[in-house]
Amino acid sequence: PSLISQTDNVKVEQIGRVVVVTMVMTKTLNALSGAMKKDIANAVLNADADPSVGCIVLTGSGKAFAAGADIKEMDKMTFQEVTMGDFVKTFEPLSKVRIPLIAAVNGFAFGGGCEIAVMCDIIIASDKAVFGQPEIKLGVIPGGGGTQRLIRSIGKSKAMALILSGRNMSAEEAEKAGLAAAVVKHEELMPYSMKLAEEISNMGRLALMAAKETVGAAYELTLKTGIDFEKNAFYSLFATEDKKEGMDAFVQKRKAAFRHK
Ligand code: CO8
């Protein structure tokens, strides 16, 4: 792996066409402080803008993926400050990334930590992962999309049970509910996630972006508009060099070598 950058909060490495963003502030369980959010945003936006990158893996360290927004910071904040400063805006870059994002959830994913995992395209959970939206216990509600994205992922009843009680969900439950694509033994989390990321990153970048955008559009659109959106995206990929390479390779019985154009 080649080290791209490192701060107190986040380590960024590149392996082949995969960028791994590791939250490393173990002593606060990767609480999402202002500095942590800025470092995550910079890491993912830089990777997204780099044509040598085809997939991003976001993970944590120690016991936590991320234990939520920094409660010690929020404790002092007033209505005016969160509203005027648009507190949750700093999390938005994650939902704007155009290449695939995998959350490799190694431990606690609570509150904003669960929400950033849900903003990713695929969640792979360690058998030690625990998910939850405990905001109700702090006298508030989820603010990073928890009340909206979670119901689309696990349905209203399960989302309500988490959000109204603040109780946790194990990795096994998360996989059963469709929140996680897979649950693997803790020591297999990174090898499994990296293998998936590597496979994804070697596909044509334009096709990956189109696939991600089109699947994402299903959240917003009616079936008919979504089908039209898909059709147009499908047709537009016929203008790419990678479409020619992918189909030529099949016909010539060889492995495609995408040039990401
Ligand atoms: N904020 C600040 N510090 C934290 C946080 C946090 N969210 N979580 C843990 N820490 C700190 C602890 O204070 C402690 O530090 P110190 O010893 O200096 O006090 C250190 O991390 C270790 O934590 P614990 O000793 O508590 O560790 P345990 O293993 O005993 O417990 C838990 C682990 C169960 C995860 C526990 O720490 C906990 O309950 N944490 C809070 C979880 C929580 O409520 N999260 C939701 C926060 S609200 C939120 O995320 C709102 C999101 C709004 C928008 C987000 C947009 C994406």
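The model is a predicted one.

**Entry 1: the sheet**

I began with the strand order. Seven strands make an open sheet, running β1-β2-β3-β4-β6-β8-β11. The pairing is mixed. I then looked at the edges. β1 (2-6) and β11 (182-184) each have a single partner strand, so one side of each has no neighbour in the sheet. From one strand to the next, the twist averages 20°.

**Entry 2: what packs on the sheet**

I looked up helix α9, residues 189-201. α9 packs on the sheet and touches β2, β3 (18-23), β4 (55-59), β6 (101-105), β8 (122-126) and β11. The direction of α9 makes about 160° with that of β4.

**Entry 3: β1, β2 and β3**

I went through the pairs at the β1 end of the order. β1 and β2 (residues 10-15) run antiparallel, joined by four bridges. A hairpin of three residues links the two strands. I noted two residue pairs here. L3 has E13 of β2 as its bridge partner, and Q6 stands opposite K11 in β2.

Next came β2 and β3. They also run antiparallel, with six bridges between them. V12 has V21 in β3 as its bridge partner. This hairpin has two residues between its strands. In the turn, G16 has a positive phi of about 60°.

**Entry 4: the largest pocket**

I checked the volume and then the lining. The largest pocket holds about 1,100 Å³ of space. Its lining has 38 residues. M119, D121, K212, G216 and Y219 lie nearest the centre. Which helix gives the largest share of the lining? α10 does, with ten residues. α10 spans 205-217. Other elements that supply at least two residues each include α4 (92-96), α5 (112-119), β8, α6 (146-154) and α11 (223-236). By class, I have 22 nonpolar, eight polar and eight charged residues in this lining.

**Entry 5: the second largest pocket**

The volume here is about 810 Å³. I find 34 lining residues, with A69, D70, I71, M74 and L138 closest to the centre. α2 (71-75), α3 (79-84) and α5 each supply at least two residues of the lining. The classes are 20 nonpolar, seven polar and seven charged.

Note on methods: Residues are numbered from 1 along each chain as its sequence is written. This is a predicted model: local features need pLDDT of at least 70, side-chain atom pairs count only at pLDDT 80 or more; totals for chains, interfaces and linings use all residues. Side-chain values use heavy atoms; hydrogens and water are left out. Two strands pair if DSSP finds at least two bridges between them. Axes are lines fitted to C-alpha atoms, for helices over the stretch in contact, and angles run from 0 to 180 degrees between N-to-C directions. Contact means heavy atoms within 4.5 Å. On a 1 Å grid over the protein atoms alone, a cavity is a set of points where a 1.4 Å probe fits but cannot get out, and a pocket is an open set with protein on both sides within 12 Å along at least five of seven lines; lining residues have an atom within 4 Å of a point. Grid points are joined across faces, edges and corners, and a volume is the space filled by probe spheres set on the points. Ala, Val, Leu, Ile, Met, Phe, Trp, Tyr, Cys and Pro count as nonpolar, Asp, Glu, Lys and Arg as charged, and the others, Gly among them, as polar.
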